[in-house]
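I opened a notebook for this structure today. Below is what I looked up, entry by entry.

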Amino acid sequence: MTTVAPAPAGESLFIDGRWRSAAAAFRATDPADPRRETGAYSAATAADVADAYAAAAKAQPEWAATPAPERAEFLRQAAAAVEAAAEDLALAMTADMGKTIRDARAEALRAASIFRYFAGEVLQSAGEVYPSADPATTLLTLSEPVGVVLAITPWNFPVAVPAWKIAPALGFGNAVVWNPAEASTGTAVRLTAALADAGPPAGLLNVVTGSGAALSPALTGGPRRGAVAFTGAGRVGTSLREAVADRNVKVQPEMGGKNPLVVLADADLADAAERIVSASMFSTGQRCTATSRVYVEAAVEGELRKLLIERIRALVVGDPRDEATDVGPLASRAQYEKFHHYLQLAEAEGAEIIAGGRTGTERSGYFVSPTLLAGVADDSPLMHEEISGPLAVLQPVAGTEEALEKANDTAFGLAASVFTSNLGNTMAFLRRSRAEMVHVNRETTGVEPHVPFGGLKASSNTDREQGKAARAFFTNVKTAYIRSA
Ligand code: SIN
């Protein structure tokens, strides 16, 4: 096992197994107190990106030829290294983007379990054998690595999302060029250092930090890339797909959600309220799978509303380093301004502010109050645009039919949930929901690594991440006709 020294200050590029800096730098500040600088990092140039691709292309063929059990062993070592660094990673997330220490710790451990899962997955069947029309021919399929993978990851899950792209990409024999979100560069550097400790061959994992928008032509241009794995905003995902379409490069984009949660009159309301608050307010609402629209059967609206108010008022908003904090600051000034834009819109539209709103936000950091609205029109942007903050809208519905109609009234299709104790309602929701991930009596958030993750409609394309779907994306199928007589 080779040991790579931690990144020296300012050297956040990791190319061909070595840390290095770029001519230009950018600074990061603490979202809980933006007057406090948390780091200075390198802004990669097109030349750095070219070096990263060259290193990846050089390292990949030998790695692809490395027996799968050895690649699996690397993933196991990576899992152990991420686990050992969990506290550091959690603190880095907290400083970069304000995730509460409890959530951040859980995310770091989740990333370790993702590496461990893929250590097993790469040893699963790599193809199939079919009967042939010719008795002398053996007919089989083989999966082969796609080559060099470009991974572009968001700031909201700065350890788990990179893990679920990098682990399968490397595990199935590819090399990676990774552009992490600028707002979580400190976390990316810490994660890279942990992965480097697991001893990947030089050039296998290359990290180019800096603005994805500025680097986009260098990241997507040039020779044919194997695949692009992306999580982030819809317009970025669309332009990435357009940028590589002429070279027929595979793209797996995850582009957010506007996730509905339905509470029917036969549900356990206390449980539903608990989970609605968790799904819409925890992680400061900055999850692709966060609940943002709550449709409740009119007969129980009053009771659910009361339970939600109690729980939202009990949330502790504050310093993300404090173990007691439930809701930390938003990740950045841009997020903060976006949230206030939607609060102003709610006021302008005459929405009822059931909880939160502008109250309790007089601090220096990007803190906002967890907010619940009612009386919002179906066609309001509040019901259709991804806000990415702790804000949900409560709306009464007459029953299952109207709930389904409204839940599906969105351009997105990531996650949806129904709370009910009735099997007929469960099955109707399961069959007719136009979301890729459907939950019953559970929050819309949270995913397990061994099942597919992705979205319908504007949330994604038809490729999925995680589970067996990861092999399908990070490998190509070769069909072999072997005549032996
Ligand atoms: C996300 O929602 O952004 C990641 C998946 C999850 O943990 O819910």
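Where is the place of serine 388? I found serine 388 in the loop between E15 and E16. Here helices (H or I, at least four residues) and strands (E, at least two) are DSSP runs, numbered from the N terminus.

**Ground rules.** I am reading a predicted model, where local features need pLDDT of at least 70, side-chain atom pairs count only at pLDDT 80 or more, and totals for chains, interfaces and linings use all residues. Residues are numbered from 1 along each chain as its sequence is written, and side-chain values use heavy atoms, with hydrogens and water left out.

**Serine 388, continued.** I checked its backbone next. Phi of serine 388 is near 60°, a positive value in a residue other than glycine. Serine 388 counts as buried because its relative accessibility is 18%. Buried means under 20% relative accessible area, exposed over 50%, and partly exposed in between (1.4 Å probe, protein chains only).

**The sheet of seven strands.** I then traced the sheet that holds E15 and E16. It is open, with the order E14-E15-E16-E13-E12-E18-E19 and mixed pairing. Two strands pair if DSSP finds at least two bridges between them. Strand E14 (352–355) and strand E19 (437–440) are the edges, and each pairs on one side only. Direction ignored, neighbouring strands are turned by 25° against each other on average.

I went through the pairs. E14 and strand E15 (residues 371–374) are antiparallel, with three bridges. Isoleucine 353 stands opposite leucine 373 there. On to the next pair: E15 and E16 run parallel over four bridges. The bridge partner of leucine 373 in E16 is valine 393. E13 and E16 are also paired in the parallel sense, over five bridges. In that pair, valine 296 stands opposite proline 396.

Why is E16 largely enclosed by the rest of the structure? Six of its seven residues are buried, so the strand is largely enclosed.

Which residues of E19 make its covered face? Met437 and His439 do, while Val438 and Val440 make the uncovered one. Strand E18 (residues 415–419) joins E19 by four bridges, and the two run parallel. Serine 417 stands opposite histidine 439. The chain crosses from E18 through helix H13 (residues 423–432) to E19, a right-handed β-α-β crossover. Right-handed means that, with the strands pointing away from the viewer, the path from the first strand over the helix to the second runs clockwise.

**Helix H9.** I compared its length with expectation. The 13 residues of H9 (residues 269–281) should span 18 Å at 1.5 Å a residue, and the end C-alpha atoms are 18 Å apart, which agrees. The expected span is 1.5 Å times one less than the number of residues. The buried residues of H9 include Leu269, Ile276, Val277 and Met281. Its buried residues pack against E12, E13, H10, E15, E16 and E18; contact means heavy atoms within 4.5 Å.

At the start of H9, a side-chain oxygen of aspartate 268 reaches to within 3.3 Å of the backbone nitrogen of alanine 270. I count this as a polar contact: a pair of N or O atoms within 3.5 Å, where within protein one must be able to donate a hydrogen and the other to accept it, and residues adjacent in sequence count only if both atoms are side-chain atoms.

Just after H9, serine 283 takes a positive phi of about 55°. Threonine 284, in the loop between H9 and E13, has a positive phi of about 50° although it is not a glycine. At 3% relative accessibility, threonine 284 counts as buried.

**The sheet of three strands.** I looked here last. Its order is E5-E6-E21, open, with antiparallel pairing. Strand E5 (127–130) and strand E21 (475–483) are the edges. Strand E6 (residues 137–145) pairs with E21 over nine bridges. Leucine 139 has tyrosine 481 in E21 as its bridge partner.

Note on methods:
Axes are lines fitted to C-alpha atoms, for helices over the stretch in contact, and angles run from 0 to 180 degrees between N-to-C directions.
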